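Please open the structure in a viewer and keep the selection panel at hand. The stops below proceed from the whole chain to individual residues.

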Amino acid sequence: MEEKQRTYEIRTGCDRGLCHTAVGRQDRQLNSYDWLSDVPGNNANGDTQSLAVATDLVEVQFKNTRKGYYHNVNHLPLKKGDIVAVEASPGHDIGVVTLTGRLVNLQVKKANLKSEDDIKRIYRLARQVDMDKYREAKAREHETMIESREIAVGLGLQMKIGDVEYQGDGQKAIFYYIADERVDFRQLIKDLAAAFHVRIEMKQIGARQEAGRIGGTGPCGRELCCATWMKSFSSVSTAAARFQDISLNPQKLAGMCAKLKCCLNYEVDDYIEHGRKLPSREVVLQTQDSDYYYFKADILAGLVTYSTDRRTAANLETITGERAKEIVEMNRRGEKPVDLQPDDRPRQENGPVDLLAGDSITRFDKAKKKKKKKQKAAPSDKTENNEQPKPQPKTDTQEKEDRKQPKADKPQKAPRPNRPPKANKEQKAPNTPNTSENE
């Protein structure tokens, strides 16, 4: 048994649940992982004994998110990534195998292919001649698109041709166009058939498909979902934004295609389910102090914030949805609690403590060195060298103040001992005449 399992792993390239045949060459937008590829008996692969268990349906990918489902009537050993020639009307087309085995039945149900006539056959693996015609037809697509746009403008049609896809044998061309209104393109088909000498098929696409074909980066910073993995689009309404308490700003709700973002539908079911656990917005909670009105809510966390003012944020109180419903039931019975907070609410000491609450956010920053200005030192009685400070010149105001002071204030020097006092200069000799009086 172990030898058979090892032989199967070597033949299929699968080992310990990791199978490279589950992932083949295909566009990311159309990628489908074949998680049953390493299960024995999943694929027929030309083995008639396993046809009773597996299916002969094969999924084939073409351009512009187009996929088709075909019967492997010749029991070819197909695997993911093989290039095959399939039946078309008229002629044949070239595509890449993206899925085989039992999972194809689920994909067929998803595509709503109820009629057996919609499922055609696989002719063969692509040959070199088929690939040459295929590359030649693909090389004409860009020039055909530019010329067809000029023809549509000449006819005055309100439409835009976004892309052109040639069939693998070059006998047919599919024109993808965008139009807001109904367009009469009967004359356009005649002009295109006369210009390119192929069978014409017009296929209308929406703005979402056009954005996915062009690609780009969304406001979330990631590549567009429609350009990576989405191929089926559902309608999006503003009700999804209301359930999630998102601002109804058209610039924020619109995507790159100018339509509402597809991601608005991703979590709306969770918001609706959690929103049922919260009371209505119109309910007013009555307490002994005042009435509280709905202000905002954190739906996923189950918290509701109430305000004492209907229009502005005043005395905000945040409680759980269960507590809000409890107060509503008390108000219906005619009872009013003291406040919105429950009596058995946990104390603040038991809550989480921020260990860095008192620290500054700049505690690790290097302090900038401030340049200190050199200031002149104030005069002091003693210097470092025990030298007397030099006297500073007096200003005019200081000299005037010194003159105004009476002479009695000035200290007089005591006479030296053992010396007779000097005669006063104001005493004059008796024989000297007073010249000032005579004059």
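**Overview of the chain**

In this predicted model, the protein chain contains 13 helices and 14 strands. Display the accessible surface next: about 32700 Å² in total for the protein chain, with carbon and sulfur atoms accounting for 49%. Of the 439 residues, 31% are buried. When contacts between residues at least 6 apart in sequence are considered, 58% of them connect residues at least 24 apart.

**The largest nonpolar core**

Select Met159, Ile161, Phe175, Leu188, Leu192 and Met202, the residues with the most contacts inside the largest nonpolar core, which has 21 residues. Then colour the elements that each supply at least two residues of this core: helices H4 (141-154) and H5 (186-196), together with strands S8 (160-166), S9 (172-178) and S10 (199-204).

Centre the view on Ile161. Leaving aside residues up to four places away in sequence, Ile161 touches Met145, Ser148, Arg149 and Ala152, as well as Phe175, Tyr176 and Tyr177.

**A second core**

Move to Ile299, Val304, Tyr306 and Ala324, which are among the 13 residues of a second, separate core.

**A loop residue**

Finally, select Asn72, located in the loop between strand S4 (67-71) and strand S5 (83-87). Is Asn72 buried or exposed? Its relative accessible area is 7%, so Asn72 counts as buried, the cut-off being under 20%. Show its contacts as well: with residues up to four places away in sequence excluded, Asn72 touches Asp56, Val58 and Leu78.

Conventions. Residues numbered from 1 in each chain as written. Predicted model: local features only at pLDDT ≥ 70, side-chain atom pairs only at ≥ 80, totals over all residues. Heavy atoms only, no water. Helix = DSSP H or I, 4+ residues; strand = E, 2+ residues; numbered from the N terminus. Buried < 20%, exposed > 50% of the residue type's maximum accessible area, 1.4 Å probe, protein only. Contact = heavy atoms within 4.5 Å. Areas by Shrake-Rupley, 256 points an atom, 1.4 Å probe, with all protein chains shown as cover. Core = buried A, V, L, I, M, F, W, Y, C linked by side-chain atoms within 4.5 Å.
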